[in-house]
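The sequence and model come first.

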Amino acid sequence: MEKRMSQVSMLMVMITLVGAVASSANLITYSRWSANKNRVMVADDSGANPVEVYQGHKFSPFGVSPSISPPGSDGSWIAFRDTDIDRGGGSALYKVRADGFGFTKVLCSGYDGVNGVPYSSVSSPKWSPNNRWIAVDTFEGIALVATDFEVGLGATGEECAAPIQFIYPDPDADADWDKESSVAWNHNGTQMAFFEILQPRDLGPDQIRIVVLEHQESVWYRLTEIGTDIELFGKWPFGPDWQRGGSLLALMTREGDGPQGVNRITLVT
């Protein structure tokens, strides 16, 4: 068992080094840095037959963090972020089909909200399992955008208005806690989970927690908070993912810095 966990940990380290990996049916998507550009790749679920479906802007400071949709009638789509050249910088949200066609811009960077909901730079898109929403991180919190929405390439001004929905922070959120990771959807898109860390970040015991939101009657509620122990969950939590069809969360944590650092995978109910 110990050997098996070591092998799994090594696999996760390799994924972390290469880029984010997400799957859809028999496809996976991941990012690759090559020739000073972020590239979005698609391969079959064994990692074979990789195909580049997007080549990012040169020296872009943003990781593309690709997320693949469930298969639909027109195939799978990949959502990712990259520099918004139309607006002269910042990170925008884009999508492209898994066959490399249909590339378009979903959200502009740093929209000022003149004719829509204001939001700042977007990151860490996560496609919902029910194929209805893309969840994104912004400085204002977690926001949802419908999967069939797009502003289109070249959008820079009023056309950047987007019908996005902020679901967190909510009125009951604790201002002393800061969201720390991308979200993880459960198997049917009715719940999502993420890490929060107590500020200022002293990283003592019980200063990391998992927040679970649940969708009820068109509103997202804070369902529960799971307190964690620094000795068990490590100092640097990231990469939560829900077990397919189950109630377990897989958490990636890192203890220590540099070559002595250790990555661990932990399951919680």
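A residue is called buried under 20% relative accessible area, exposed over 50%, and partly exposed in between, with a 1.4 Å probe and protein chains only. The model is predicted: local features need pLDDT of at least 70, side-chain atom pairs count only at pLDDT 80 or more, and totals for chains, interfaces and linings use all residues. Residues are numbered from 1 along each chain as its sequence is written, and side-chain values use heavy atoms, with hydrogens and water left out.

**Overall**

Two helices and 20 strands make up the secondary structure of the protein; helices (H or I, at least four residues) and strands (E, at least two) are DSSP runs numbered from the N terminus. Of its 269 residues, 43% count as buried. The protein exposes about 13300 Å², of which carbon and sulfur atoms supply 53% (Shrake-Rupley areas, 1.4 Å probe). Among contacts (heavy atoms within 4.5 Å) between residues at least 6 apart in sequence, 42% join residues at least 24 apart.

Strands pair if DSSP finds at least two bridges between them. An open antiparallel sheet is formed by four strands in the order 5-6-7-8.

Strand 6 (residues 77-83) and strand 7 (residues 91-97) run antiparallel and are joined by seven bridges. Thr83 has Ser91 in strand 7 as its bridge partner.

**The disulfide**

With a disulfide taken as a pair of cysteine sulfur atoms within 2.5 Å, the count is one. The sulfur atoms of Cys108 and Cys160 lie 2.0 Å apart, and the link is left-handed, with -75° about the S-S bond. The pair links distant parts of the chain, 52 residues apart: Cys108 is in the loop between strand 8 and strand 9 (123-127), and Cys160 is in the loop between strand 11 (141-146) and strand 12 (165-168). Both Cys108 and Cys160 are buried.

**The second largest pocket**

A pocket is an open set of points on a 1 Å grid over the protein atoms alone, where a 1.4 Å probe fits, with protein on both sides within 12 Å along at least five of seven lines; lining residues have an atom within 4 Å of a point. The second largest pocket has a volume of about 350 Å³, the space filled by probe spheres set on the points, which are joined across faces, edges and corners. It is lined by 21 residues, and Thr138, Phe139, Gly141, Asp178 and Lys179 are the closest to its centre. Strand 9, strand 10 (133-138), strand 11 and strand 13 (177-179) each supply at least two lining residues. Strand 13 gives the largest share, three residues.
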